[in-house]
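Student: I would like to learn how to read a few features of a protein model. Can we take them one at a time?

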Amino acid sequence: METISENRCFGGVQGVYSHASDILGCEMTFGLFLPAEAEDGPVPVLWYLSGLTCTHENAMTKAGAQAWAADHGIALVFPDTSPRGAGVADDAAYDLGQGAGFYVNASEAPWAAHYRMWDYIAEELPRLLLHNMPIEEERQSITGHSMGGHGALTLAMTYPGRFASVSAFAPIAHPTQSDWGRKQFAAYLGDDQAAWARHDATLLMRERGFGGPVLIDQGGSDQFLELLKPEALAEAMTARRQEGAFRIQKGYDHSYFFVSSFMADHLDFHAEALFA
């Protein structure tokens, strides 16, 4: 693991690091904020998964999360959204290929050689951080925006007991029924509808739910509502009587102005679960 940069930030350190990923077969970069408490020992960690076209940098610089994480003594991890590099398959469209890994393990050519973001987020990057950084394995939570909200929800429901809480900002809530999902699943996973279903938050909520609290914030003026399908997830949470809240925020769109407006709420929500 190599250090790209480290900057003092709200009493802690905002770092950017790179490493060679065996799972993805390329060099990967991620951001990690460590609060001041990490100087004395391991701290709880919140994973933040970003959306389409983003790198590790978008949320790290735009979400305003570090101030609230510092208040609670929580580390923040900002992974990239896909494998990167000249030898990695790509597509001219913004919603497929580099920057659009969709947090799945691709099984179809040409994507299968590198696009294994599920295993990267679920296995490789956690191992790397736990081995090298002062974060706690026992106290983890996860959040994300848009495509990253989809990833956060599906990971949380697939690994019971790993995450104390899960939240999402405007998640792609029902990708098997959306053009933000069907296109990418067909490319990455082929025609196997069962493989698609394992990466649909609405279907997972109906099937198993989440063992802890859930917080969803959705902008009421989001320009992508037809693609996100928030009503499907809200109905599934209600039918399951899932612990948590689904909030429509009037007038807010899909941007980081929306995310940063409610980031403090999400950090408070996760801190309550992590320190329970």
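**Salt bridges, a helix and a core**

Tutor: The structure holds eight salt bridges. Keep in mind that this is a predicted model.

Student: Which residue forms a salt bridge with R247, and how far apart are the closest N and O atoms?

Tutor: The partner is D217, and the closest N and O atoms are 2.8 Å apart. R247 lies in strand β9 and D217 in strand β8, so the pair ties together parts that are 30 residues apart in sequence.

Student: Is D217 buried or exposed?

Tutor: D217 counts as buried, at 0% relative accessibility. R247 is partly exposed, with a relative accessible area of 27%.

Student: Which side chain meets that of R84 in a salt bridge?

Tutor: That of D80, at 2.9 Å from N to O. D80 counts as buried at 5% relative accessibility, whereas R84 is partly exposed at 23%. The cut-off for buried is under 20% relative accessible area.

Student: And what does R116 form with D119?

Tutor: A salt bridge, with the closest N and O atoms 3.0 Å apart. R116 has a relative accessible area of 29% and is partly exposed; D119, with 13%, is buried.

Student: Now the helices. Why do residues three or four places apart point the same way in an α-helix?

Tutor: An α-helix has 3.6 residues a turn, so residues at that spacing point the same way. Here, take helix α9, residues 230-240, where P230, A232, L233, A236 and M237 are buried. They cover an arc of only 160 degrees around the axis, which puts them on the same side of α9. The face turned away from that buried side carries the exposed residues E235, T238 and A239.

Student: What do the buried residues of α9 pack against?

Tutor: They pack against α4 (147-158), α7 (201-207), β8 (214-219), α8 (225-228) and β9 (244-249). After α9 comes R241, whose phi is positive, near 55 degrees.

Student: How should I read a nonpolar core?

Tutor: In soluble globular proteins, nonpolar side chains tend to be buried together. In this model the largest nonpolar core has 89 residues, of which L129, I142, L153 and Y188 touch the most other members.

Student: Leaving aside neighbours within four places in sequence, which residues is Y188 in contact with?

Tutor: With that exclusion, Y188 is in contact with L96, G97, A100, G101, F102, V104, A106, S107, E108, W111 and Y115.

Key. Residues are numbered from 1 along each chain as its sequence is written. This is a predicted model: local features need pLDDT of at least 70, side-chain atom pairs count only at pLDDT 80 or more; totals for chains, interfaces and linings use all residues. Side-chain values use heavy atoms; hydrogens and water are left out. A nonpolar core is a set of buried Ala, Val, Leu, Ile, Met, Phe, Trp, Tyr and Cys residues joined through side-chain atoms within 4.5 Å. Buried means under 20% relative accessible area, exposed over 50%, partly exposed in between (1.4 Å probe, protein chains only). Contact means heavy atoms within 4.5 Å. Helices (H or I, at least four residues) and strands (E, at least two) are DSSP runs, numbered from the N terminus. The arc is that of the directions from the helix axis to the C-beta atoms. A salt bridge is a side-chain nitrogen of Lys or Arg within 4 Å of a carboxyl oxygen of Asp or Glu.
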